[in-house]
Amino acid sequence: MNIVVIGTGYVGLVTGTALAEVGHWVTCVDLDATKVARMRDGESPIYEPGLRDLMRQNILKGRLAFETELSNAMTADSVIFIAVGTPPCADGSANLDYILAAACDVAPFVRAETVVVTKSTVPVGTNDLIADTIALACGTRPMMVSNPEFLREGSAIHDTFYGDRMVVGTAHEEAASVMRDIFEPFSVPIFETDIRSAEMIKYAANAFLATKISFINEMADMCEWKNADIEAVSAGIGMDKRIGSQFLQAGIGYGGSCFPKDTRALLAMAREEGANLPLLDAVEAVNAVRYEKMVEQLLTIHDDLCGKKVAVLGLAFKPNTDDMRDAPSLKIIAQLLEAGASVAAYDPVATMEARGLLPSSVALHDEIDAALFDAEAAIIVTEWQEVKQLDLAILKAVMRVPVVIDGRNCMDQKRMKEAGIIYRSIGRNHHVRMPVLR
């Protein structure tokens, strides 16, 4: 099937490459000529394990192409996927400028049988707005489909081929049939519904997962107050099938391009209706200050941070991505600098993305030892394998004072103690018996 994907950000590029991999003929369109040239050469503009290899394989097979002009991509039977960004406005609502621009761009190519698929995360009612915009421009209303993505950065390729479900929302049986044909090679269950419910599913899913994260972080605080252990608590409640074990890892809160943006967008949608969502207000409030836990922990060891060097280990909001959007590291580094500390930061892939977001006074390193050298404390912000597998003898040797604040609870407490490292984590009782399942 001929498919045109508008937008080559995270969603568009992964979607287009995966569709080519299962045998469709895909052309991805982006206005950035430099970016398109790189992608034609098989270079991915984003860091995602496995993506570059898939791109190159399908470029060589002639199934994946990149264009700057939509007219060069369209065929009479093309299915159009819109995958442009919906960044947040100042009030948290989704900015639909790119969506509506894409609608205007595709209008000249739309016929009554054209299927237009929205992959972007958009507020409820946006697909109707897209159809109205296209109809106003060309006099023809396309068959709209809401097909939100549920990809996790760092494992997006796996999630595409082995996901829990594909959500397809449409009012047209013809469009639903086209989507079944497109997704049939993936062997992933397809959940069909109306278009507005499909739009809502994406927001509701992300808001629920964000709620689990804020909840377990509050329970971690309770564990510290009551001398319990959050890992035992998480394991114990996660065995309940009604709760599940995922997203019950205590830490410094959620970040990235989805959870913060989508939770705020839901709150903005409620405000448009003159309503409140007090539970999500609380989820947002809990997460907004979670990063402060790191410096609070550090100040239980050092009386003040003025003039002290602190190493920040991990900059991206999660491992296996270079995404810095709403990354907790940005807030933690700002707080450290405000306290008078000097900061050296390490990340294996995100330093280039971070350079434009951090003050020039922050030393950025691609090698972990360089960031740790002569530091009087280290804060683990992102649980990269390179961080979790760090040789503790080297850590102790290169640091001036061996202090580690673990914001992801990713280090073994016993090993840290045996290595002579002053160690703090979140909600973990260093003296309780480790949980055992028999």
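A pocket, in this tour, is an open set of points on a 1 Å grid over the protein atoms alone, with protein on both sides within 12 Å along at least five of seven lines, and its lining residues have an atom within 4 Å of a point. The model on screen is predicted, so local features need pLDDT of at least 70 and side-chain atom pairs count only at pLDDT 80 or more, whereas totals for chains, interfaces and linings use all residues. Residues are numbered from 1 along each chain as its sequence is written, and side-chain values use heavy atoms, with hydrogens and water left out.

**The second largest pocket**

Select Gly9, Tyr10, Ala83, Val84 and Gly85, which lie nearest the centre of the second largest pocket among the 48 residues that line it. The volume of this pocket is about 1300 Å³, a volume being the space filled by probe spheres set on the grid points, which are joined across faces, edges and corners. Next, colour helix 1 (10-21), helix 4 (97-106) and helix 10 (259-272), each of which supplies at least two residues of the lining; helices here are DSSP runs of H or I with at least four residues, strands are runs of E with at least two, and both are numbered from the N terminus. Helix 4 gives the largest share of this lining, 4 residues. Sorted by class, the lining holds 20 nonpolar, 12 polar and 16 charged residues, where Ala, Val, Leu, Ile, Met, Phe, Trp, Tyr, Cys and Pro count as nonpolar, Asp, Glu, Lys and Arg as charged, and the others, Gly among them, as polar.

Tyr10, Val11 and Gly12 are among the buried residues of helix 1. The end C-alpha atoms of helix 1 are 17 Å apart, which agrees with the 16 Å that its 12 residues should span at 1.5 Å a residue, the expected span being 1.5 Å times one less than the number of residues. After the helix comes Gly23, with a positive phi near 115°.

Then pick Ala101 in helix 4, which counts as partly exposed because its relative accessibility is 38%.

**Strands 4 and 5**

Move to strand 4 (residues 79-82) and strand 5, which run parallel and are joined by 3 bridges; two strands pair if DSSP finds at least two bridges between them. Ile80 has Val116 of strand 5 as its bridge partner. In a regular strand the side chains alternate between the two faces of the sheet. Along strand 5 (residues 115-118), Val115 and Val117 point one way and Val116 and Thr118 the other, and all are buried. Ser78, in the loop between strand 3 (64-67) and strand 4, counts as buried because its relative accessibility is 5%, and its C-alpha is 9.2 Å from that of Val116, 38 residues away along the chain.

Thr160 is buried, with a relative accessible area of 11%.

Helix 8 (residues 195-226) has 32 residues and reaches 47 Å from first C-alpha to last, close to the 46 Å expected. At its start, a side-chain oxygen of Asp194 comes within 3.3 Å of the backbone nitrogen of Arg196, and just after the helix Asn227 takes a positive phi of about 65°.

A search of the whole structure finds 3 cavities of 30 Å³ or more, a cavity being a set of grid points where a 1.4 Å probe fits but cannot get out. Of its 13 lining residues, Tyr254, Asn287, Ala288, Asp326 and Lys331 are the closest to its centre. Helix 11 gives the largest share of this lining, 3 residues.

Finish at strand 9 (residues 309-313) and strand 10, which pair in the parallel sense over 5 bridges, with Lys309 opposite Ser342 in strand 10. In strand 10 (residues 342-346), 4 of the 5 residues are buried.

How values were computed:
Polar contact = N/O pair within 3.5 Å; in protein donor to acceptor, adjacent residues only side chain to side chain. Buried < 20%, exposed > 50% of the residue type's maximum accessible area, 1.4 Å probe, protein only.
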